[in-house]
Amino acid sequence: METISSITGSAGLVDSSAFYDEAVYQRELEVIFKRSWLFVGHESMIPRPGDFRTTYMGDDAVIVCRDKESGVRVLLNKCRHRGNKVCQFDKGNANIFRCSYHGWSYDTAGQLRGVPLAESAYGPQFDKSSMGLVSPRVATYKGLIFACWDHSAPPLTEYLGEGLLWYLDNFLLDSDPNGLQVVPGLHRYLMPVNWKLLAENFGGDQYHFAATHGSVAALSKAGRTARIDFSIDEGQHYSVVLDGGAPHGLLQLAVGKNFYQDDLAQAETLGAEAVHWLTERQRLQDERLAAYSVQPYSFHVANIFPNFSMIGMGTAFYGRGFIMWQPRGPRLTEVWEWCLVESSAPRSAKERMVFVLSQRQSAAGLVTPDDHENFERLSDALETGIAREVPFNYSLGEDVEPVESLIAELPGNVRPQVSETYQREFYRHWHQIMTEPA
């Protein structure tokens with residue numbers, strides 16, 4: 001497609017059409033969101049047979065549910081008769097999904113079970129078994145649920161890659177022996193900007209924090225936000241670029257024992273139960289990382305290509321935010337954010353986790369409105385004739401070497417925290433998929 005531009009040479013430039021052009025956006029729906037493994041939920045969101053949640057894979061509405069044998073299913077929310085949605089609710093529990101137009105009904109495995117006047121209207125040759133709800137491939141990894149429309153795509157674990165799985169295992173999915181649990185509720189709000197800019201921001205943009213969130217940093221220094229630590233130690237935080245079936249990015253990889261000591265000080269304000277939980281949590285982490293001379297404490301944010309981001313692993317007392325950047329057009333994204341907590345944490349720690357995530361990374365939090373204003377102004381500039389001709393610059397850190405002392409020990413390309421290496425890999429991969437022959 002002529003409207004799709006790659007990163008050009010060593011200048012690290014991306015054509016602005018990637019962020020406003022309708023033809024580019026339609027191509028993304030066709031190839032990015034149909035060929036990638038997409039996050040659709042966490043198993044704790046649907047704990048019992050019949051439990052369901054509705055969500056999207058790109059712009060396609062889907063139902064994520066448990067069938068009667070407790071298997072995880074993902075079903076296209078489209079009746080095979082006239083295309084009406086068969087589920088109108090955000091969540092619930094059901095044995096049957098029934099279309100409100102003509103009454104066709106489907107079970108939680110997606111099989112067509114009921115057709116009004118089937119024998120008299122269709123005759124005995126009508127084959128219900130061939131008319132079930134369309135389903136993508138589904139795979140889970142330690143509670144995370146992914147789906148993919150492309151049946152020739154590599155397996156989920158290969159798509160995620162060994163390096164990303166190492167970080168997820170050690171600092172998120174195995175940090176609690178009883179796993180994660182979702183907190184009831186969901187934040188949904190609109191960001192007036194292209195989905196890619198939000199995704200790549202979470203995968204590797206620490207460069208914006210001081211300028212965009214300067215007021216938050218000032219409040220923290222003044223002691224006005226004592227329940228959140230916003231301090232940034234450039235010497236002990238790093239970014240990581242990881243290769244799987246797609247590039248994934250981590251930011252604020254924290255290396256050093258002082259991070260645990262900071263958490264311990266927070267635990268002491270919550271009481272003995274929180275201190276006991278945190279020390280046991282750290283003991284288990286020390287066991288997992290015993291073979292490594294470099295032992296990170298955590299990472300704070302991440303993006304799994306294309307549009308699944310996470311935040312809150314930087315401290316034990318930050319809720320784990322799972323964020324979906326749901327595309328709604330070339331210059332509009334609907335943000336879906338869940339909060340998850342570690343199941344074994346005492347109530348006081350869980351309450352702190354929920355509070356911290358809501359106070360910082362939410363539609364009315366201390367941080368998100370700053371981003372919203374920048375993205376709104378950025379997106380407005382894409383409406384004008386000359387401004388949209390000026391490419392975006394992603395050259396930061398091109399000539400900066402990886403951190404050799406860490407790259408030999410830890411998975412991935414470990415970089416200084418302020419770098420745009422992940423963004424360059426993000427758009428390299430994006431361009432490759434967008435320009436491949438069908």
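Analyst: The account below begins with the core and then turns to a helix pair, an annotated span and individual residues.

The model is predicted, so local features require pLDDT of at least 70 and side-chain atom pairs pLDDT 80 or more, whereas totals for chains, interfaces and linings use all residues. Numbering starts from 1 along each chain as its sequence is written, and side-chain values rest on heavy atoms, without hydrogens or water.

The largest nonpolar core contains 114 residues; such a core is a set of buried Ala, Val, Leu, Ile, Met, Phe, Trp, Tyr and Cys residues joined through side-chain atoms within 4.5 Å. Y167, L168 and F322 have the most contacts inside this core. Its greatest contributor is helix α4 (residues 162-173), with eight residues; helices (H or I, at least four residues) and strands (E, at least two) are DSSP runs numbered from the N terminus. Beyond residues up to four places away in sequence, Y167 touches L172, V240, L242, L250, L253, F299, L410, P411 and V414, contact being heavy atoms within 4.5 Å.

Helices α1 (residues 22-35) and α13 (residues 421-435) form a pair whose axes approach within 9 Å and cross at roughly 100 degrees. Axes are lines fitted to C-alpha atoms, for helices over the stretch in contact, with angles from 0 to 180 degrees between N-to-C directions. The two helices, α1 and α13, are therefore roughly perpendicular, the term for angles of 65 to 115 degrees. From α1, the residues V24, R27, E28, V31, I32 and R35 meet W430, I433 and M434 of α13. The contact of α1 with α13 comprises six nonpolar and three charged residues, with no polar ones.

According to the unreviewed UniProt entry, the annotation "domain: Rieske" covers residues 37-147; such annotations may be inferred rather than shown by experiment. Residues 37-147 are 5% helix and 41% strand, and the end C-alpha atoms of this span lie 5 Å apart.

S379, in helix α11 (residues 368-381), is buried, with a relative accessible area of 3%; buried means under 20%, exposed over 50% and partly exposed in between, for a 1.4 Å probe and protein chains only. Apart from neighbours within four places in sequence, S379 contacts P192, V193 and R331. I407 belongs to helix α12 (residues 404-407) and is partly exposed at 28% relative accessibility. Neighbours within four places aside, I407 contacts P402, G412, N413 and V414; V414 is also among the residues that Y167 touches.

Most residues other than glycine have a negative phi, and most peptide bonds are trans. F305 and P306 are joined by a cis peptide bond, with omega about 5 degrees, and P306 lies in the loop between β17 (301-304) and β18 (308-311). S70, which is not a glycine, has a positive phi near 75 degrees; this residue sits in the loop between β4 (60-66) and β5 (72-76) and is partly exposed, at 32% relative accessibility. Q252 likewise is not a glycine and has a positive phi of about 60 degrees, but Q252 lies within strand β15 (residues 247-255) and is buried at 12% relative accessibility.

Technical notes:
Angles under 35 degrees count as roughly parallel, over 145 as roughly antiparallel, 65 to 115 as roughly perpendicular and the rest as oblique. Ala, Val, Leu, Ile, Met, Phe, Trp, Tyr, Cys and Pro count as nonpolar, Asp, Glu, Lys and Arg as charged, and the others, Gly among them, as polar.
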